[in-house]
Amino acid sequence: MKLYEYNAKEIFKKEGIPTPDGGVANTPKDVEKIAKRLGKPVAVKSQILAGGRGKAGGIRFADSPENAYKVGEELLSSLIKGEKIERVLVEEKIPIEEEFYISVIVDRTMKKPLIIASSEGGVEIEELAHKHPEKIIRYHVDPLGEFLPYEAREIARKMGMEGKLISRVGSIIWRLYNLFRKYDALLAEINPLVLSGDNLVAVDAKLEIDDDSIFRHPEFKKQEEYEASEFAFVKLDGNIAVIGNGAGLTLTAMDLIKLQGGEPATFLDIGGGASPEIIRKAINRVISYSKVDVVFLNVLGGITRADDVAKGVVEALRDAERDIPLVIRLTGTNEEEGQRILKEAGIPFETSLEKAAAKAVEVAKRL
Amino acid sequence: MIILDENTRCLVQGITGKQGSFHTRQMLEYGTKIVAGVTPGKGGQELLGVKIYNSIEEAKEETDVNASIIFVPAPFAKDAAYEAIKHLDLVVIITEHIPVHDSMQIMEYGKRMKTTIIGPNTPGIITPGVGKLGIMPGHIFQEGDIGIVSRSGTLTYEFAHQITSNGMGQSTCIGIGGDPIVGLTFADVLKEFEEDKDTRAMLMIGEIGGDAEERAAEYIKEHISKPVMAFIAGRTAPPGKRMGHAGAIIERGAGTAESKIRALEKADVQVAEKPSDIPEMLKEL
């Protein structure tokens, strides 16, 4: 679960990382109010989850409360990167002397947290990493050990910090790592960390929390970005809804649809061990998506039982909101029973994935 | 065969749960040596003829167990995994949805204790004719000389089925698990297959996301002499979500199906377009 910048900054502030003074607004009037309270030039920042927001025009500046109202009005009625802007974060504009970059991410290859830092932060950081990899400091942390402040100071020195800045930047790195651990983050990122006069300020903040850790972080359950879901569902542009058990198998079914000249309309992974109820909901879910002309259900049961799938299909077809062709491939655990249930209900099925994919495409083309 | 052989004697952690008891029966029916079960508080009971202990330490006093398969729910899986790592040589973690921070700790502890870990979020491991530690349907596998390693559960079954129904079989088949952090990696398993006299060729099944396949390709180029075939799921999937700048910095363009297929082809791996290509490729070897 990605957090909005303003939620991430609340956490950063609580954990001792300085952020700009400001507030959240969802009307131009509130934008103006916050700008007036701050009494200085402000940044008005769209609160969306997509990256590259600045380059897409989602961050604007205003030198007076009246201008802040105008800018707020424009942003709050627009779309950035396809996302509707519901809120903006209004913050004091921080004069920039230097911009640094600090992040902590899960390194899948080393299976450890990785701290990435650079004295040249800003939007061109990826370009820098590509052209001057020596300017990017990488430090793996022992997941069983404690991350100590001296380690953070060593990173700061390698970044090129001198004098007092070694301890001060080190302190922010240390706090960011501890926050990453404490909140079960997959990513904690400050870009840029701005040096402004005597102050170090996290001007932007990114925080992504591991959905699988929510059971021990009840505070995130009420977050609107957190959507407890029974299956993974992605809408696409084609007209053949693909439902399957397991991500790899479902992706493969999509690839085969495309290979046969069809276009997938959904990716829906029912996961492992789905009940008849989940199958019914999954079928209903894709049927209610208007682009869908054909449903392709591909199940090779392991932990999922073919008889449960068959029962779910029968129930779904009984109360479906519209009549739609369904192409089924059903094999695996308890397949005799599952196939018997379908036969009794008069529902045709296939046992080969590739044949079934070809059939789904053929049915879609005939419509 | 690799990792799971005649000397593997396993216990089941979480044997009294729904999944644990269902799959213990399946594993026993397949002929797997299941010598104990562990559920704290239920020691002394018996299930399907398997004696249950309160702890692994206790089970070790009475049996010659050397492996574990874990069905414990995610919030308690780290505790179970540590217990297994401390006492045993091989741990298969079936559990899904273990927090990534827990998995990082489990893997680091496993490395220190030199314990082999498969998973989490894996269908497990099967050596046809010998046994299975996992949840895969046993009947789609058959003794043979093809080693399979995969990141995906059900897609592995699809390929095993293709191979079996074309009259060939598998030496050992391992699901390394679909999580970002897993124990054995593609390269670890390919290395074992390279050294295994029963394995003639290998099939690697990958999918989009991460750079495990690209790294495996590097490894194959340097260290593998036996034929390797591959399949990558997700050629038509839309681009995945970004993980800040940090994600882009560490992945360096890896992650897409094109990137993986290109890397594998550079390592002289034959990449299949669809599952039915694999039996054809194997027949031509």
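The face of helix 10 of chain A that is turned away from its buried side carries the exposed residues A:Glu336, A:Lys343 and A:Glu344. Keep in mind that this is a predicted model. On the buried side of helix 10 of chain A, which spans residues 335-344, sit A:Gly338, A:Gln339, A:Ile341 and A:Leu342. They cover an arc of only 155° around the axis, so they end up on the same side of helix 10 of chain A. The general rule behind that kind of pattern is that an α-helix has 3.6 residues a turn, so residues three or four places apart point the same way.

What sits over those buried residues? The cover of helix 10 of chain A includes helix 9 (306-318) and strand 17 (326-332) of chain A. Just past the end of helix 10 of chain A, A:Gly346 takes a positive phi of about 70°.

At the strand 13 end, strand 13 of chain A runs antiparallel to strand 15 (residues 264-269) of chain A, and 4 bridges join them. One such pairing has A:Val234 with A:Phe267 of strand 15 of chain A as its bridge partner.

Strand 10 (residues 185-196) and strand 11 (residues 199-202) of chain A pair in the antiparallel sense over 4 bridges, and A:Val194 has A:Val201 of strand 11 of chain A as its bridge partner. This hairpin has 2 residues between the strands, and A:Gly197 takes a positive phi near 60° there.

Now for chain B. Here 7 strands form an open sheet in the order 3-4-2-1-5-6-7, again with mixed pairing. Strand 3 (46-47) and strand 7 (116-118) of chain B are the edge strands, each pairing on one side only. Strand 1 (residues 10-13) and strand 5 (residues 67-70) of chain B run parallel and are joined by 4 bridges, with B:Cys10 opposite B:Ala67 in strand 5 of chain B.

Here are the strand pairs with their bridges:

| Strand pair | Sense | Bridges |
|---|---|---|
| Strand 10 and strand 11, chain A | antiparallel | 4 bridges |
| Strand 13 and strand 15, chain A | antiparallel | 4 bridges |
| Strand 1 and strand 5, chain B | parallel | 4 bridges |

Helix 3 (residues 74-87) of chain B lies across strand 1, strand 5, strand 6 (90-93) and strand 7 of chain B, at about 170° to strand 5 of chain B. How do helix 3 and helix 4 (residues 100-113) of chain B pack, and at what angle? They pack at an angle of about 5°, with their axes 10 Å apart. That makes helix 3 of chain B roughly parallel to helix 4 of chain B. The residues that meet include B:Ala81, B:Tyr82 and B:Ile85 from helix 3 of chain B, and B:Ile106, B:Tyr109 and B:Met113 from helix 4 of chain B. By class, this contact has 6 nonpolar, 2 polar and 3 charged residues.

Terms used
Residues are numbered from 1 along each chain as its sequence is written. Chains are lettered from A and ligands numbered from 1 in the order in which they are written. This is a predicted model: local features need pLDDT of at least 70, side-chain atom pairs count only at pLDDT 80 or more; totals for chains, interfaces and linings use all residues. Side-chain values use heavy atoms; hydrogens and water are left out. Buried means under 20% relative accessible area, exposed over 50%, partly exposed in between (1.4 Å probe, protein chains only). The arc is that of the directions from the helix axis to the C-beta atoms. Contact means heavy atoms within 4.5 Å. Two strands pair if DSSP finds at least two bridges between them. Axes are lines fitted to C-alpha atoms, for helices over the stretch in contact, and angles run from 0 to 180 degrees between N-to-C directions. Angles under 35 degrees count as roughly parallel, over 145 as roughly antiparallel, 65 to 115 as roughly perpendicular and the rest as oblique. Ala, Val, Leu, Ile, Met, Phe, Trp, Tyr, Cys and Pro count as nonpolar, Asp, Glu, Lys and Arg as charged, and the others, Gly among them, as polar.
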